[in-house]
Amino acid sequence: MKEIDQARSAGDRLLATLAALASPHRLRIIAALSSGGRNYVSQLARDIGISRPLLHLHLQKLEDAGLVTSRLELSDDGKALNYFEVADFNLQLTAAAIAEVADSVTASSDK
């Protein structure tokens, strides 16, 4: 996860995770990366059937929540390819889990 995620409270991290997953496109991205393995942006956009700019917006949200990671690599022909893959995460959403973190939600995260 990024440094900013480490500074967030457990409640704020849970809200960011839920917000990141609250999109059909982002669920499809997670599914595609989970079943197909890591992939670069152009190919992933073709596989999912959305534009690269829209995919970038969704990937950024997922990466900010710590659900995917990215790595810039050079192809054999010298092109820079940004590869994404699903981060190792396990989300168990129960009433008890919510109660455990609810008091740590900051006022600024309530939008």
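Me: How many residues line the largest pocket, and which lie nearest its centre?

Reply: The lining has 16 residues, and Arg13, Leu14, Thr17, Asn90 and Leu91 lie nearest the centre of the largest pocket. This is a predicted model, where local features need pLDDT of at least 70, side-chain atom pairs need 80 or more, and totals for chains, interfaces and linings use all residues. Residues count from 1 along each chain as its sequence is written, and side-chain values use heavy atoms, without hydrogens or water.

Me: What makes a residue part of the lining?

Reply: An atom within 4 Å of a pocket point (a pocket is an open set on a 1 Å grid over the protein atoms alone, where a 1.4 Å probe fits, with protein on both sides within 12 Å along at least five of seven lines).

Me: Which element gives the largest share of that lining?

Reply: α2 does, with 4 residues. Both α2 (10-21) and α6 (95-102) supply at least two. Helices are DSSP runs of H or I, at least four residues, and strands are runs of E, at least two, numbered from the N terminus.

Me: Why is the contact of Arg38 and Glu73 called a salt bridge?

Reply: The rule asks for a side-chain nitrogen of Lys or Arg within 4 Å of a carboxyl oxygen of Asp or Glu. Arg38 and Glu73 meet at 2.8 Å, N to O, so the pair qualifies. Arg38 sits in the loop between α3 (24-36) and β1 (39-40), and Glu73 in strand β2 (residues 68-74), 35 residues apart.

Me: What about Glu73 and Arg71?

Reply: Their side chains meet at 3.8 Å, N to O, so this is a salt bridge too. Arg38, Arg71 and Glu73 form a network.

Me: How do you know whether Arg71 is buried or exposed?

Reply: Its relative accessible area is 58%. Exposed means over 50%, buried under 20%, partly exposed in between (1.4 Å probe, protein chains only). Therefore Arg71 is exposed. Arg38, at 40%, is partly exposed, and so is Glu73, at 21%.
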